[in-house]
Amino acid sequence: MSDRQALPRQVKLFGAVSLLNDFASEMVYPLLPAFVTGVLGGGAVALGALDGAADAAAALVKLVAGRLADRPSRRRPLIVIGYFVAAAVRPIIAATAAAWQVVGLRVVDRLGKGLRTPPRDALIADVTPEPIRGRAFGLQRGLDHVGAVIGPLVAWWMLTRHADVRTVILASFVPGVIVVLLAIWTVRDGKGRYGTVRVNTPSEPLPSLTVPYRPLPSYVIAIGVFYLIRMPETLMILRAQQLGIAVALVPLLWAALHVVRSSTSFVGGALSDRIGPSRTMWIGWLTYMSLAAGMAFATSRVAAWLLFLALGVVAGLTESPERSLVSAATGGHRGTAFGTYHALTGVAALAGGLLLGVIFQRASGATAFLVSAIGALGLVILWSFWTSLHRVTAR
């Protein structure tokens with residue numbers, strides 16, 4: 001039975017790398033809304049740009065890195081350089097004096113993510129048998145979220161010991177260095193295993209970077225629409241603060257969110273293998289629609305806590321199925337497929353982040369969440385009709 005197959009060692013090592021990287025990253029990220037609005041004087045639009053611009057700027061890099069990653073020999077340096085860039089740039093945020101500087105450094109940080117993510121995902125897909133790929137990506141995403149629990153807890157501990165926000169951001173340099181060293185070890189471990197793992201390397205030459213892409217599959221377009229209408233995480237945090245959650249408690253809230261994300265990532269990966277990634281992803285969209293509507297009408301701190309934490313279920317039900325769907329239809333070019341997927345979602349996140357940020361700032365946080373929920377409802381309904389009329393990969 002497929003559920004008894006052991007996950008490859010390299011999948012587990014990349015899970016550990018993801019854990020430590022998010023440990024470093026999430027020491028910083030949940031503090032950025034308070035840092036940008038409270039210390040640097042930015043607004044909701046700046047926060048929307050912070051999330052959206054960072055992901056969109058990484059989009060082009062993901063396209064290029066994805067095509068380069070179609071050759072397994074190029075994956076190792078791309079992965080290591082990507083982790084190095086993030087580790088080197090992240091602590092510099094502590095020295096910024098304006099919101100645009102934070103946005104710029106966050107963009108560079110995400111450029112590192114753009115370099116490493118397509119080759120890493122392609123490598124995980126290559127070394128993992130197809131029947132357990134959902135579990136493999138579920139493990140990687142789950143350990144990623146475990147790191148996102150540890151980082152905010154360490155940040156909260158430092159804040160309770162009278163460290164200021166800038167000091168916490170600077171301290172992220174320490175786990176960042178460990179990440180780079182572990183990434184180097186992980187890709188070297190994989191180098192000796194390429195001979196025993198069948199890698200789907202395309203026999204024909206790689207297409208030029210100027211050659212147009214084939215028409216995108218319907219599920220990739222649907223995933224892009226979800227990222228367009230999904231509320232940026234910085235605005236989720238700002239909405240929680242509006243509902244009465246103190247800045248000092250935000251790291252704890254963020255850590256608790258990732259406890260939910262981590263546990264549901266394992267469940268989402270297993271569910272994807274059982275009922276199919278398309279159905280699992282649709283359940284995640286439906287869950288998001290309900291919770292976003294709840295955030296729109298919430299009026300208390302208790303509601304903010306409960307709804308914010310419940311939103312963690314959405315990531316668990318969507319991230320692993322998205323990657324499984326992309327991996328299932330690559331035509332031998334997994335790097336390009338994952339690069340296209342990450343690029344599309346990055347551009348969609350930029351547009352959505354800016355739009356929802358404007359609505360948040362000019363109308364209200366409740367209105368922005370309501371718009372997001374209505375968009376998700378439309379996606380849920382349209383995807384149901386589409387999958388009933390067309391054959392969409394389910395398993």
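At what angle do the axes of helix α4 and helix α5 cross? In this predicted model, the answer is roughly 150 degrees. Helix α4 covers residues 75-89, helix α5 covers residues 99-127, and their axes come within 8 Å. Angles over 145 degrees count as roughly antiparallel. The two helices α4 and α5 are therefore roughly antiparallel to each other. Their crossing is left-handed.

Which residues make the contact? On the α4 side they are R75, L78, I79, I81, G82, Y83, V85, A86 and V89. On the α5 side they are L105, V108, D109, G112, L115, R116, P119, R120, A122, L123 and D126. By class, the residues of this contact divide into 13 nonpolar, two polar and five charged.

Take one residue from that list. A86 lies in helix α4. Is A86 buried or exposed? Its relative accessibility is 0%, and buried means under 20%, so A86 counts as buried. Leaving aside residues up to four places away in sequence, A86 touches D109 and R116. Both D109 and R116 belong to the α5 side of the helix contact. A86 can also be placed relative to N21. The two are 65 residues apart in sequence, yet their C-alpha atoms are 8.9 Å apart in space.

Now step back to the whole chain. The secondary structure comes to 16 helices and zero strands. The chain has 395 residues, and buried residues make up 56% of them. Among contacts with a separation of 6 or more, 87% are between residues 24 or more positions apart.

How many aromatic pairs does the structure hold? There are six. One of them joins F226 and Y288. Their ring centres are 5.6 Å apart and their planes stand at 90 degrees. Planes over 60 degrees apart count as edge-to-face, so the pair F226 and Y288 is edge-to-face.

Where do the two partners sit? F226 lies in helix α9, residues 218-229. Y288 lies in helix α12, residues 277-297. The pair therefore ties together parts that are 62 residues apart in sequence.

F226 and Y288 form one aromatic cluster with Y227, W285 and W383.

Key. Residues are numbered from 1 along each chain as its sequence is written. This is a predicted model: local features need pLDDT of at least 70, side-chain atom pairs count only at pLDDT 80 or more; totals for chains, interfaces and linings use all residues. Side-chain values use heavy atoms; hydrogens and water are left out. Axes are lines fitted to C-alpha atoms, for helices over the stretch in contact, and angles run from 0 to 180 degrees between N-to-C directions. Helices (H or I, at least four residues) and strands (E, at least two) are DSSP runs, numbered from the N terminus. Angles under 35 degrees count as roughly parallel, over 145 as roughly antiparallel, 65 to 115 as roughly perpendicular and the rest as oblique. A crossing is left-handed if the near helix is turned anticlockwise from the far one by less than a right angle, and right-handed if clockwise. Contact means heavy atoms within 4.5 Å. Ala, Val, Leu, Ile, Met, Phe, Trp, Tyr, Cys and Pro count as nonpolar, Asp, Glu, Lys and Arg as charged, and the others, Gly among them, as polar. Rings of Phe, Tyr and Trp (its six-membered ring) pair if their centres lie within 6.5 Å; planes under 30 degrees apart count as stacked, over 60 as edge-to-face and the rest as tilted. Buried means under 20% relative accessible area, exposed over 50%, partly exposed in between (1.4 Å probe, protein chains only).
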